Amino acid sequence: MAADAANGAEAREPTFYLVEDEHHHEPGGSTLLGFWIYLMSDALIFATLFATFGVLSSAFAGGPTPREIFSLPLVALNTAILLVSSITYGFAMIAMQEGRLGGTKFWLIVTGLLGAAFVSIELFEFAELTHEGATPQRSAFLSAFFTLVATHGLHVTFGIIWLVVMLFQLGQRGLHPENQRRLQCLSMFWHFLDVVWIGVFTFVYLLGVLR
């Protein structure tokens, strides 16, 4: 009887099973999330610069006004160049998804050249303004203008450097999953700069000349 009771007790003991975690985490998901957080912080920086320019946009201090110094045709050309570079980067992403390494590298090179053209035109504009005496020290308006536009230009420059680095990494490892994630992050960064520039063109140049 004692043996039967012992066997009954063993039968009543709960049995525990190890259940595997059913949650599947996509590789590199934390990288993309972290980059989204970075973009949001960058957006706050540009929002602050836009707000500062909005406050100081009429503080000319007897200096030149936007209508006197801005060349809308040149700025419109630069805007078109950056918009086209966003399209060519989209072609690079399509080639990447199709597994075409050569096509990906080609469209990245085209995007980098367009970005370089954008920065060159911006530097030319700054040189012309400086030659005319419209320097950041001339008025609060010009200080805010140079700070906002130059910050965007520096971001585009860093994006070009990132493009060059990615071309080297693609040459070494091809369309490795890590390289694809990096290209996705760069894509978000590049399109973000495109959106910011549309705001600069509209809020700084277009409204400045029409005011």
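Predicted model: local features only at pLDDT ≥ 70, side-chain atom pairs only at ≥ 80, totals over all residues.

Modeller: Residues are numbered from 1 along each chain as its sequence is written, and side-chain values use heavy atoms, with hydrogens and water left out.

Colleague: How are α4 and α5 oriented to each other?

Modeller: Helices here are DSSP runs of H or I with at least four residues, numbered from the N terminus, and their axes are lines fitted to C-alpha atoms over the stretch in contact, with angles from 0 to 180 degrees between N-to-C directions. The axes of α4 (residues 72-97) and α5 (residues 101-131) come within 8 Å and cross at roughly 165°. Angles under 35 degrees count as roughly parallel and over 145 as roughly antiparallel, so α4 and α5 are roughly antiparallel.

Colleague: Which residue classes make up the contact of α6 with α7?

Modeller: The axes of α6 (residues 140-173) and α7 (177-210) come within 10 Å and cross at roughly 160°, which makes α6 roughly antiparallel to α7. Ala, Val, Leu, Ile, Met, Phe, Trp, Tyr, Cys and Pro count as nonpolar, Asp, Glu, Lys and Arg as charged, and the others, Gly among them, as polar. On that division, the contact of α6 with α7 has 20 nonpolar, five polar and three charged residues.

Colleague: Which residues line the largest cavity?

Modeller: A cavity is a set of points on a 1 Å grid, over the protein atoms alone, where a 1.4 Å probe fits but cannot get out, and lining residues have an atom within 4 Å of a point. The elements that give two or more residues to its lining are α4, α5 and α7. The lining residues are Leu74, Val75, Asn78, Ile121, Glu122, Glu125, Trp197 and Tyr205.

Colleague: What kind of pair do the rings of Trp162 and Phe189 form?

Modeller: Rings of Phe, Tyr and Trp (its six-membered ring) pair if their centres lie within 6.5 Å, with planes under 30 degrees apart counted as stacked, over 60 as edge-to-face and the rest as tilted. Trp162 lies in α6 and Phe189 in α7, so this pair ties together parts that are 27 residues apart in sequence. The ring centres of Trp162 and Phe189 are 5.9 Å apart and their planes are at 50°, so the pair is tilted.

Definitions and conventions: Parallel < 35°, antiparallel > 145°, perpendicular 65-115°, else oblique. 1 Å grid on protein atoms, 1.4 Å probe; cavity = no way out; pocket = protein on both sides within 12 Å on 5 of 7 lines; lining within 4 Å.
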